[in-house]
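Please keep the sequence and the model at hand while reading.

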Amino acid sequence: MLILGIESSCDETAAAVVRDGREILSSVISSQIELHKPFGGVVPELASREHLEKIEPIVDEALEQAKVSLKAIDAIAVTQGPGLIGSLLIGVCYAKALAFGLDIPFVGVNHIEGHVYSVAFENPAVEYPALALIVSGGHTNIFFIPEEGKYKVVSRTRDDAAGEAFDKVAKMLGLEYPGGPVVEKLAKEGDASKIKFPVAKISDGRPDFSFSGLKTAVSRYIRENEIRPVGENENPSPEIKDLCAGFQATVIKSLVGTMEKLALDLNPKTLIVAGGVACNTALRDAAQKTAEKLNLPVYFPSKHLSTDNAAMIAAAGHSHLMRGEQSDLRMTADVTMRLQNFENEDADLRRKKVRYRL
Ligand code: KG4
Ligand code: ZN
């Protein structure tokens, strides 16, 4: 089954052709990073205008690279939400029009579920139950996935997403957007033991994340130690490198520590770590070590599939279509779309003797 995937939820216009949910024939991504860089973050109005211009040439290029014609496509999968409304609408309307014109099925996919399916390529098949840490610029969640297509949020961020914290700390230090890759590069050259930050504790004891306190602690450190932001053509000081290393180490400790706790509790067969922040090598190394300690396999997407792309949307769409689920023309973009369809089944989990006490 050939699926055309379309992704336009934030600042990447992407299209991909995927065979049977596991083989990428093409994956084309037009990034808007340069467009938004001067503003230090995504400007929604600029993003949707750019999607509108790019969607058609990007889909054409994906078909061309896959060496297939539109007629060969069996179905279309498109990101339905969450994301920016203006951006989402471009992809959704385009996908609906194309599916209507071609008279083929189409399905709206949750962007976060797309990230879960980014491990469908270049990894063995996921064994369920699985535990997935999805960590990006907009989201930081851990999902318990008892079986394919069922999701329960078992950890969420109470404030900022981890990627957002990387971006904000980079901005404070005068580093470029997006912050993750730059902070990681400087952290490699720094010493994480020199400037330490505590991992936030959630007062009600739930295994949730909080990164806004860490961001404030970094900002206070910068102020109290009179650290100047890095100027253009200036080399970052050793202190800035140590600061990046200390900040990154705390984020990773929080992410991987929580995943470990939940894995001990929920007994998954597979761990998944995906989303833009999963590009971070130090995070991958820490997750790998924890997985070895737990004697579990951990799957990561390759780096070009960690950030937003349409191949992961096609893979998630394939799973829906195989279960006979598809959308109709009334489907529309859903900015606050949730990925939780396993809310009231705790009793089921207990019956299955899954250790579970959240
Ligand atoms: O998944 P993604 O492309 O977009 C969202 O759905 O949000 O993730 C982008 C986020 C940005 O916040 C970026 O700073 C972060 O992923 N990121 C990283 C790294 N590469 C990208 N964070 C830490 N280390 C990296 N190497
Ligand atoms: Zn994403």
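## Terms and basis

Two strands are said to pair if DSSP finds at least two bridges between them. Helices (H or I, at least four residues) and strands (E, at least two) are DSSP runs, numbered from the N terminus.

The model is a predicted one, in which local features need pLDDT of at least 70 and side-chain atom pairs count only at pLDDT 80 or more, while totals for chains, interfaces and linings use all residues. Residues are numbered from 1 along each chain as its sequence is written, chains are lettered from A and ligands numbered from 1 in the order in which they are written, and side-chain values use heavy atoms, with hydrogens and water left out.

## The sheet containing β7

In β7, L133 has I142 as its bridge partner, and I134 has N141. These bridges belong to the antiparallel pairing of β6 (residues 130-135) with β7 (residues 140-145), which extends over six bridges. The two strands form a hairpin, with four residues between them. Strand β7 also pairs with β8 in the antiparallel sense, over four bridges, and I142 stands opposite S155 of β8. A hairpin is formed here too, with six residues between β7 and β8; G149 in this turn has a positive phi of about 90 degrees.

The five strands of this open sheet follow the order β8-β7-β6-β9-β10, with mixed pairing. At its edges are β8 (152-156) and β10 (298-299), each of which pairs on one side only. Helix α9 (residues 281-294) packs on the sheet and touches β6, β9 (270-274) and β10, its direction making about 175 degrees with that of β9. Contact means heavy atoms within 4.5 Å. Axes are lines fitted to C-alpha atoms, for helices over the stretch in contact, and angles run from 0 to 180 degrees between N-to-C directions.

## Burial of β7

How many residues of β7 are buried? Six of the six are, so the strand is largely enclosed by the rest of the structure. Buried means under 20% relative accessible area, exposed over 50%, and partly exposed in between (1.4 Å probe, protein chains only). In a regular strand the side chains alternate between the two faces of the sheet. Both faces of β7 are covered, with T140, I142 and F144 buried on one side and N141, F143 and I145 buried on the other.

## The sheet containing β4

A further open sheet has five strands in the order β3-β2-β1-β4-β5, again with mixed pairing. Its edge strands are β3 (23-31) and β5 (106-110), each pairing on one side only. From one strand to the next, the twist averages 20 degrees. Strand β1 (residues 2-7) pairs with β4 in the parallel sense over four bridges, and the bridge partner of G5 in β4 is A77.

Two helices lie across these strands. Helix α11 lies across β1, β2, β3, β4 and β5, at about 125 degrees to β1.

Residue A75 is placed in strand β4 (residues 75-81) and counts as buried because its relative accessibility is 0%. Leaving aside neighbours within four places in sequence, A75 is in contact with L2, I3, L4, I104, P105 and L321. The C-alpha atoms of A75 and V107 are separated by 8.0 Å, although these residues are 32 residues apart along the chain.

Residue S48 lies in helix α2 (residues 44-66). With a relative accessible area of 13%, S48 is buried. Residues up to four places away in sequence not being counted, S48 touches G86, S87 and I90.

## Backbone features in the loops

Most residues other than glycine have a negative phi, and most peptide bonds are trans. The peptide bond from G81 to P82 is cis, with omega near -10 degrees; P82 is in the loop between β4 and α3 (85-102). The bond from Y128 to P129 is also cis, with omega near 0 degrees, and P129 lies in the loop between α4 (111-117) and β6.

Residue K67, in the loop between α2 and β4, has a positive phi near 55 degrees. At 76% relative accessibility, K67 counts as exposed. Residue N233 has a positive phi of about 60 degrees and lies in the loop between α7 (212-224) and α8 (238-266). N233 is exposed, at 83% relative accessibility.
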